[in-house]
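Hi there,

Here is the structure I promised to pass on.

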Amino acid sequence: MIALVMLGAVINYLTRSTLAVAAPTILQDLHITTQEYSYITAAFQGAIMLQPLCGYVLDVIGLKLGFALFASAWSVICMLHGFATNWQMLAVLRGMLGLAEGSANPAGMKAVSEWFPAKERGMAGGIYNIGASFGSMLAPPLVVWAILHYNWQSAFVITGALGLVWVCAWLLLYDAPKKHRSLTPEEAQHIAAGQEQHLQGDGTRPSIMSILRMRNFWGIALPRFLADPAWGTLSFWVPLYLTTVRHFDLKQIAMFAWLPFLAADLGCLFGPMVVLWLQKRGVRLINARRGAFTLGATMMMGVAFVGYVDSPYAAIALLSLCGFAHQTLSVTVITMSSDLFKRNEVATVAGMCGTFGNFGLLLFSLLIGGLMASVGYTPFFVSLAVLDLVAAALLWSLVREPQPDKQA
């Protein structure tokens, strides 16, 4: 089941990454400036901040139907990108895409919370998040192939069509554990036995105001606000950085721009492995997750040197370390929503935390677009390292382990 969810994440990040890879060609073809490109990416980030709405819909109408509707919408919207003729049209379409694609993270966390016992959720979340990295990794070769053989418009049509194929598979194969016909009684008992009883929920609709009053919500939302700009930088700005600063051509981008995302795939597995390693040595679950996050934040210090190395291949290596380190910490903090909140709140909480993460990414992207011409990329790479260390400090100081009889 987690493979199906992961494949959905692959499609989600493939469609959202198509623009970044095609950006050098589109900017030249449609005469779009770097500043206008930042507005286009900001439209996506502004709309994806509505993740709480997506999470609330998924909690209310159910994961199977809700995610199918959102995935159908983002697939069609992606295909419509191929008909854009100016930056304004692209900005509107990116906003619509961001709204629909904001469902992916809440959906993934809800599926993980439903299908896996507590001790397996970290690894399940890591496998699911491989989809984000793999989708971004798949984008450079696929999009460049489409551009070289057809045109940039075809790249959006192809990636959007893949999304519609996945929707059919989702509707055919997915169901909640209580409804799944192929789930054996032994497997159902294994899942139920490993679920925290105090997080089961009572079936009521989640209360956003109640969630906002919880210390643990801010304990994972604020670190995401500080940490998520790293992923946005890799996804939306690295192809332009390689083109304008490192003077890569389209074929070189296809050869090298996917490497940070391959490293990110490994980070998705490394983070949960660190958590399990710490747990086997007596560290409690929440502290183990915080430890893995801190390790990732420490490794993120390498990205500060991207602008200082002369070799473009050394820069690629440091960006790959950034991808590995970011996903090590990201998958850890994202999974914590299922450790700290009730089952009927998980998607809503994941969406609300995603809003903070994408708001941080939005501000960072606008700063890059506005200041890149005058200060370059180097200060932004340095700041990514600092932000993650601050995020680790907040995670340790704010998050409290929930008590069996009440929420933290």
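**Cores and overall build**

The largest nonpolar core holds 117 residues, and those with the most contacts inside it are Ile26, Tyr37, Trp170, Phe217 and Ile220. Helix 1 (residues 2–29) gives this core its largest share, 12 residues. Another core lies apart from it, with six residues, among them Val275, Leu278, Ala288 and Ala292. A nonpolar core here is a set of buried Ala, Val, Leu, Ile, Met, Phe, Trp, Tyr and Cys residues joined through side-chain atoms within 4.5 Å. Buried means under 20% relative accessible area, exposed over 50%, and partly exposed in between (1.4 Å probe, protein chains only).

Before you go further, please note that this is a predicted model: local features need pLDDT of at least 70, side-chain atom pairs count only at pLDDT 80 or more, and totals for chains, interfaces and linings use all residues. Residues are numbered from 1 along each chain as its sequence is written, and side-chain values use heavy atoms, with hydrogens and water left out.

The protein chain has 18 helices and zero strands; both are DSSP runs numbered from the N terminus (helices H or I, at least four residues; strands E, at least two). Of its 408 residues, 58% count as buried. Among contacts (heavy atoms within 4.5 Å) with a separation of 6 or more, 86% join residues 24 or more positions apart. Trp170 is one to click on: leaving out residues up to four places away in sequence, Trp170 touches Leu4, Val5, Leu63, Lys64, Phe67 and Ala68.

**Helix 3**

Which residues of helix 3 (residues 51–61) are buried? They are Gln51, Pro52, Cys54, Gly55, Leu58 and Asp59. These cover an arc of only 160° around the axis, so they sit on the same side of helix 3; the arc is that of the directions from the helix axis to the C-beta atoms. The buried residues of helix 3 pack against helix 2 (34–48), helix 4 (63–80), helix 5 (87–101), helix 6 (104–115) and helix 17 (346–375). After helix 3 comes Gly62, whose phi is positive, near 105°.

**Cavities**

There are five cavities of 30 Å³ or more. A cavity is a set of points, on a 1 Å grid over the protein atoms alone, where a 1.4 Å probe fits but cannot get out; lining residues have an atom within 4 Å of a point. Grid points are joined across faces, edges and corners, and a volume is the space filled by probe spheres set on the points. The largest cavity has about 310 Å³ of space. Of the 25 residues that line the largest cavity, the closest to its centre are Tyr13, Arg16, Arg224, Asp228 and Trp231.

Phe261 is in helix 14 (residues 259–280) and is buried, with a relative accessible area of 5%. Its C-alpha atom is separated by 4.9 Å from that of Ser133, 128 residues apart along the chain. Leaving aside neighbours within four places in sequence, Phe261 contacts Ser133, Ser136, Met137, Trp231, Leu234 and Ser235.

His31 lies in the loop between helix 1 and helix 2. His31 has a positive phi near 55°, in a residue other than glycine, and is exposed at 69% relative accessibility.

His247 is in the loop between helix 12 (229–244) and helix 13 (250–256). Phi of His247 is positive too, near 60°, and His247 counts as exposed at 63% relative accessibility.

Best wishes

Terms used:
1 Å grid on protein atoms, 1.4 Å probe; cavity = no way out; pocket = protein on both sides within 12 Å on 5 of 7 lines; lining within 4 Å.
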